[in-house]
Amino acid sequence: MKKFIFTLIIFFCFFGEIRMKASSKTLNSKEKDVHFVDRNKETHHFQIGEGLVSDPFDCLEKKQYPCSIKTESERSWAWKWEDGRVEFSKKTMAILESPGEVRLIEGSLVVYSESGSAWLRTLFGDVALSEGVAMVRRDHSIGKFEVNALIGEVLIYPRGSKEVLSLPQGYRNWLGEMQSGGSSASEIPQSINKKVVLEMWPLVFSGEPSEYFQKVRNFHSSWMEAVKNIGSFHQTLVERRLAFIEEERRLAQARRAQAETEKRMLRDLFRRKNFLD
């Protein structure tokens, strides 16, 4: 009987050791599947939590571009380069084209540019930021990309248009589907919807709390200024738009006159060569 009990003890000890090794092996395997980046190391990207999917799967580690990323439903993620960073909200799909250049496919992001240039590409046009903070989000309810200049000026390049739209801080504009004229739709800028911005911004912010509160104060000042001056700003935009249209008309007229001159010269040359004069 004692020999039987001793055998059972040995068996359970051996079986328990096997289970512990198996659990340890499974844990190590899971740890390898988690994309983790040490914030103390100098890298071009870092992660808030887990849940980032990239394609190719190792493009972030190897810094290979273009690199497609997708944030899972309950996670946000941030990507850094030398002169700035981009913070992606949950359920966002984007393509990292190069450091400082992002193509937004779906979702929302906040871009920071300190002393360089950041480019955001969208289906309907591009957004450029040299120094400041901007928020871009795809709003399916109206089928457009909403561009918010939180801090600093933003430049908007509608697809198919020669005109560059300057968006001062505190204002928002939109990029929509292509119009019959062959360029993307844009609208008259409006003051930013502060409620929407302040609901999203703290959820994705990746810096220190002191940095966040400082930027929010700066944004609040720019927003107040935009609300105060929106009437005069719209008048300036109308005058600028009319001047642009007049310049386009003048250039078109000059091109037509040049074409007529070239046709006349060709006709004269043809007549001389064929002894018609």
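**View A. Ser54 and Ile69 face each other across a strand pair.** In strand 3, Ile69 is the bridge partner of Ser54. Strand 2 (residues 52-55) and strand 3 run antiparallel here, paired over 4 bridges; pairing calls for at least two DSSP bridges between two strands. Strands themselves are DSSP runs (E, at least two residues), numbered from the N terminus. A word on the model: it is predicted, so local features need pLDDT of at least 70 and side-chain atom pairs count only at pLDDT 80 or more, while totals for chains, interfaces and linings use all residues. Numbering starts from 1 along each chain as its sequence is written, and side-chain values use heavy atoms, with hydrogens and water left out.

**View B. Strand 3 has a covered face and an uncovered one.** Within residues 67-71, Cys67, Ile69 and Thr71 make up the covered face, and Ser68 and Lys70 the uncovered one. Strand 3 also pairs with strand 6 (residues 93-98), again in the antiparallel sense, over 4 bridges. Look for Ser68 here: its bridge partner in strand 6 is Ile95.

**View C. Cys59 and Cys67 are joined by a disulfide.** Searching the whole structure turns up 1 disulfide, defined as a pair of cysteine sulfur atoms within 2.5 Å. The sulfur atoms of Cys59 and Cys67 sit 1.9 Å apart. With a torsion of about 45 degrees about the S-S bond, the disulfide is right-handed. Cys59 counts as buried at 1% relative accessibility, and Cys67 does too at 0% (buried is under 20% relative accessible area, with a 1.4 Å probe and protein chains only).

**View D. Strand 11 is largely enclosed by the rest of the structure.** This is because 7 of the 8 residues of strand 11 (residues 132-139) are buried. Strand 8 (residues 108-113) pairs with strand 11 in the antiparallel sense over 6 bridges, and Val111 stands opposite Ala134. Strand 12 (residues 144-151) is another antiparallel partner of strand 11, over 7 bridges, with Val136 bridged to Val147. The hairpin of strands 11 and 12 has 4 residues between the strands, and Gly143 takes a positive phi near 70 degrees there.

**View E. Val102 sits in the largest nonpolar core.** That core has 34 residues, of which Phe88, Leu96, Val102 and Val154 touch the most other members. (A nonpolar core is a set of buried Ala, Val, Leu, Ile, Met, Phe, Trp, Tyr and Cys residues joined through side-chain atoms within 4.5 Å.) Apart from it lies another core, of 16 residues, including Met135, Leu150, Val197 and Val204.

Methods:
Buried < 20%, exposed > 50% of the residue type's maximum accessible area, 1.4 Å probe, protein only.
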